[in-house]
Amino acid sequence: PDLTTPFSLSALTTLNSTANEFDPSIAADGSLIVFASGRPGGDGGLDLYESIVNNNSFAVPVRLATLGSSADDHQPYLRGLGELYFVSTRTGLPRIYRATRTGPGVYQAPTLVSEIGGAEESDPVPTTDGLTLYWSSTRGGDAGNVYRATRASLSDPFADVVELGGLTSTSIDAPS
């Protein structure tokens, strides 16, 4: 009820299944959640699911069929209510894709964020305005370091890829 009261713990039975579930991304306004799950009936190992929140309750999750592939699709990150970034191994290496949300459980076909790629890419975190993207990459032979790319407008490709050296360690570094 307030910032000084401890959180209460309750299972999200509507979202949970007997499969492994990962990487929840909740819209800033709390109206929906997207997550990865290995539940039966999907396209591949991990598939993306969406659940809308109504009256503080989650609806039964819907598999995001237009985003699916026979590979693992995971690490979703919602930017507002209209854009979803996620990682897929559909081309062999983990790469970052984005898709536009057109309605509840409905997304346009995903597109590869090719301008930042070249190695194993994961953990996409776009800024609220969509003009900066942070992610982890193995470029340079490292286990995974944090990178940043920017663009002048939403219609431009990302450019000016920079490794954030101050965040680099000998472990896997990721922004999410």
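Is Arg98 buried or exposed? In this predicted model, Arg98 is buried, with a relative accessible area of 17%, and the threshold that matters for this reading is that buried means under 20% relative accessible area.

## Arg98 and its partner

The side chain of Arg98 meets that of Glu115 in a salt bridge, with a distance of 3.8 Å from N to O. Arg98 belongs to strand β8, which covers residues 93-103, while Glu115 lies in the loop between β10 (111-112) and β11 (121-126), so the pair ties together parts that are 17 residues apart in sequence. The two partners do not fall into one class of exposure, for Arg98 is buried, whereas Glu115 is partly exposed, with a relative accessible area of 27%.

## Two further salt bridges

A search of the whole structure finds seven salt bridges, and one of them joins Arg90 to Asp73, with the closest N and O atoms 3.0 Å apart. Because Arg90 lies in strand β7 (residues 83-91) and Asp73 in strand β6 (residues 73-79), this pair ties together parts of the chain that are 17 residues apart in sequence. Arg90 is partly exposed, at a relative accessible area of 29%, while Asp73 is buried, at a relative accessible area of 1%.

Another salt bridge is formed by Glu121 and Arg139, whose closest N and O atoms are 3.2 Å apart. Here, too, distant parts of the chain are linked, since Glu121 is in strand β11 and Arg139 is in the loop between β12 (132-137) and β13 (145-150), 18 residues apart. Glu121 counts as buried at 1% relative accessibility, whereas Arg139 is partly exposed, with a relative accessible area of 23%.

## Aromatic rings and charges over rings

A pair of aromatic rings is described by the distance of the centres and the angle of the planes. The structure holds three aromatic pairs, and one of them, made by Phe86 and Tyr97, is stacked, with 5.8 Å from centre to centre and 20° between the planes. This pair links distant parts of the chain, with Phe86 in strand β7 and Tyr97 in strand β8, eleven residues apart. Phe86 is buried, with a relative accessible area of 0%, and Tyr97 is buried as well, with a relative accessible area of 6%.

## Two glycines in loops

Gly105 has its place in the loop between β8 and β9 (106-107), and at 18% relative accessibility Gly105 counts as buried. When residues up to four places away in sequence are not counted, Gly105 touches Glu50 and Leu64. Gly105 and Pro24, which are 81 residues apart in sequence, are 15 Å apart in space, C-alpha to C-alpha.

Gly118 is found in the loop between β10 and β11, which is also the loop where Glu115 lies. Gly118 is exposed, with a relative accessible area of 65%, and the C-alpha atoms of Gly118 and Thr138, which are 20 residues apart along the chain, are separated by 8.8 Å.

Terms used:
Residues numbered from 1 in each chain as written. Predicted model: local features only at pLDDT ≥ 70, side-chain atom pairs only at ≥ 80, totals over all residues. Heavy atoms only, no water. Salt bridge = Lys/Arg side-chain N within 4 Å of Asp/Glu carboxyl O. Helix = DSSP H or I, 4+ residues; strand = E, 2+ residues; numbered from the N terminus. Buried < 20%, exposed > 50% of the residue type's maximum accessible area, 1.4 Å probe, protein only. Contact = heavy atoms within 4.5 Å. Phe/Tyr/Trp six-rings, centres within 6.5 Å; stacked < 30°, edge-to-face > 60°.
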